[in-house]
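Have the viewer open as you read.

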Amino acid sequence: MLVIALESGPTRLDPRYATDATSARISALIFNSLARPDENLRLQPELAQTWQALDDRTYIVRVKQGAAFHDGRPLTAADVKYTYDSVLKPDSRSPKRGALRFLEAVDWLGPYELRFRLSGPFAPFLESLTLGIVPEGARSDDASGEQRLIGSGPFSLAEYLPGEKVVLKSNPAYWEGPSRLAGVTFKVIPDAVVRALEFKKGTIDLIQNDLEPDMVPWLRSHTDAAIEIREGDIFQYVGINLEHPILKRREVREALAYAIDRGAIIRHLLKGLAIPATGLLAPGHWAYEGSVPQRAYRPDEAKRLLDRAGFADPDGEGPLPRFKLSYKTTNIDLRKRIAEALKEQLSRVGIDLEVRTYEWGTFYGDVKQGNFQLYSLEWVGVVDPDIYYNLFHSSSIPPNGNNRGRYRNTEIDKLLEQARRNSALDERKRLYGKIQQLLATDLPYIPMWWKKNVVVRKPEVRGFALYPDGDFGSLKQVFLADRPTP
Amino acid sequence: MRRFFLHRLLLFLPTLLGAVTLVFALIHVVPGDPVEAMLGETASNADKETLRRELGLDQPLSRQYLHFLAGLAQGDLGRSLYRQSAVMELISKRLPATLELSLAALGVAIALAFVLGIAAAARRDSWVDRLSLLFSMLGLAMPNFWLGPLLMIVFSIELGWLPVSGRGGPAHLVLPALTLGMAMAAILTRMVRSGLLETIHEDYIRTARAKGLSERSVWLKHALRNSLLSVITVIGLQFGSLLAGSIITESIFSWPGLGRLTIEAIQTRDYPLVQGCVLAIAVSYLLVNLMTDFLYRLVDPRIRYER
């Protein structure tokens, strides 16, 4: 049995309701989906044999034969249709219903064939094929259901104690071949130091990402851990309220970007476990555009831009600021230290940053309501670049989307609409490249860094592959080798 | 005495009502929308409104409050918004773990306090007294989030005697109980010491000695018993701190108790669950205080409760 430490436990494991990263990752071990992103975030068929676009709003999906649920029932098109229908029905309460709004219907064409009908052209349709498939008739509205989930994945649910642990056991009849592990236990250990101590004690076999940067060098020197680090796609940014009288000026946003010394924060606070970001999409993504305006640390340029914008420093190098801004973040220790570093760096160009820390619920509530000047958050697990529509299209201003900074740019709107309609990959890449260039110029977000993925494992844990989004997909190939004798 | 307890029981209800009302008001005032958290940010406004209506969250706060009180009167705390379970069921699963930890911490605190406090009073100004003073100062100065990992490093990693975290057998309880009980032990040690030093010079102690009682009997039977009243008061009051402190200790030691459930409920704005958790903590606290009053009478039968 492999034991993995987690910072927080899953909230729901039913794939129709699992939205937070931990829930989605564990749920994906119990349930298969029609398609799944690979290590490069390209969608690959899983339960789907093929998919084919008949036109820009009709897709035919053929389901593989031979897949079966943990109770031995074969998985067929009827189960797929039931899963999508149960999300789409008006009273489903599924948080994934909104994302499937474009889906008009799923038609059963045969035991292993389905037709997906869209209400209009929607290029990111394929991402919707990542929904985990439940057996026909699986209920979702009772608590005991969460304890008896039946999927078709490489692991089945053995025990689920919310907030404590999730125990999965290997599915011996898994249609792609059984895992070499007897099972996996996900143990919830909220405290970062305690996770490291449990690893040192030997009660934990693997920790992925749920580590404070300070802990990695400590584990390297105090344990025999095998530590792997790989570029990731978790994107940290500073969000900006573009309706704020000072922040709506582009020179000010540029000045902020020039005044932040990302390199120093990455070196000292993140212990090198990140790389400066140019935008939301990381270099490994198929739609990534590298040739965008970048702003390395240049405080003199920041001062020049602020002067030009009319915010001269009233007393030169003296204590009086050019202006004051507030920055909201969570009360997590590392976040507070990053905020203090930002305060110090911005003070060097004459900006007084007031740091306000909140518990998560209050912070996130404020961000969603637009009650902020600056804040910092991260995006995890970006698969389709259509996310830009949700973040920057003028129609996505809350409550209709996540354009929390109230960004409005007609050119961006047009490009996003074109990219959403166009299903040719090359054309989409070109359009999203242009979008990335415009956003890097306009700076509705200040890109900070892409976090690197870190896995700390016992040397005998073999076969674990780091996915850019921290997915646990490779667990089905993991095995425990004999421990080398000294 | 019966009148007194009736009186206390009658006070019990408004106190509970006050705690619940305060939490109800606060949790609704702070930002955060449970409906958005449930349906996701991509949900349509119509869907959000529908769910808000289904959950009764579209009603004025006063009506929601009355609805909550009506449920409470029937012993119904409602259903968790996220966990698809009755709040009562969730709490009943987690409360035993918190009570186990809090009572163990109370036991640790009382045991340490009496041993050190009596020793310090009996050997006033000796190295034992100074050691107990040092213990008290350290116990109060060390926050749980620092003491917990420190104990883990010493007893779990270096000595390998105890598990690092989690809930299991008695061995799992030692470090969290020690962490949680340390501050209380520090306060009680000083209380026991000063209480004993006050009573030890009373006339009846001199009489006891004149009767030829052993020093052990004088200290433990006569002096200690008479100095207990103030200690019991502090124990009763401090139990609330233990319940509150368990929130941090439970997080450090991955202890699946009510404290962690409360934090998770607050983070997701799970209103019924937050209210239920606070109610459970408040009831525990008030019950312990009621028991404290009862203990007064046992310790000192001269106490009369009639007005």
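## Where the chains meet

The contact draws 40 residues from chain A and 37 residues from chain B, with two residues counted as touching if their C-beta atoms, placed from the backbone, lie within 7 Å. On the chain A side, helix H3 (143-147), helix H4 (192-201) and helix H10 (360-369) each put in at least two residues. H10(A) gives the largest share, eight residues. Helices here are DSSP runs (H or I, at least four residues) and strands are E runs of at least two, numbered from the N terminus.

By type, that side of chain A splits into 14 nonpolar, eleven polar and 15 charged residues. For the bookkeeping, Ala, Val, Leu, Ile, Met, Phe, Trp, Tyr, Cys and Pro are nonpolar, Asp, Glu, Lys and Arg are charged, and the others, Gly among them, are polar.

## A note on the model

This is a predicted model, where local features need pLDDT of at least 70 and side-chain atom pairs count only at pLDDT 80 or more, while totals for chains, interfaces and linings use all residues. Residues are numbered from 1 along each chain as its sequence is written, and chains are lettered from A and ligands numbered from 1 in the order in which they are written.

## Chain B overall

Chain B has twelve helices and zero strands. Its C-alpha atoms fill a box of roughly 85 × 60 × 30 Å along the principal axes. Among chain B contacts with a separation of 6 or more, 73% join residues 24 or more positions apart.

## Helix H6 of chain B

Which residues of H6(B) are buried? They are B:Ser132, B:Ser136 and B:Gly139. An α-helix has 3.6 residues a turn, so residues three or four places apart point the same way.

The buried residues of H6(B) pack against helix H5 (87-122) and helix H8 (170-199) of chain B. On the other side, B:Trp127, B:Arg130, B:Leu134, B:Met137, B:Leu138 and B:Ala141 are exposed.

## The core

In the largest nonpolar core, which has 202 residues, A:Ile446 and B:Cys277 touch the most other members. Such a core is a set of buried Ala, Val, Leu, Ile, Met, Phe, Trp, Tyr and Cys residues joined through C-beta atoms within 7 Å. Leaving out residues up to four places away in sequence, B:Cys277 touches B:Ile91, B:Leu258, B:Leu261, B:Thr262 and B:Ala265.

How values were computed
A residue is buried if 20 or more other C-beta atoms lie within 10 Å of its own, exposed if 12 or fewer, and partly exposed in between; C-beta atoms are placed from the backbone.
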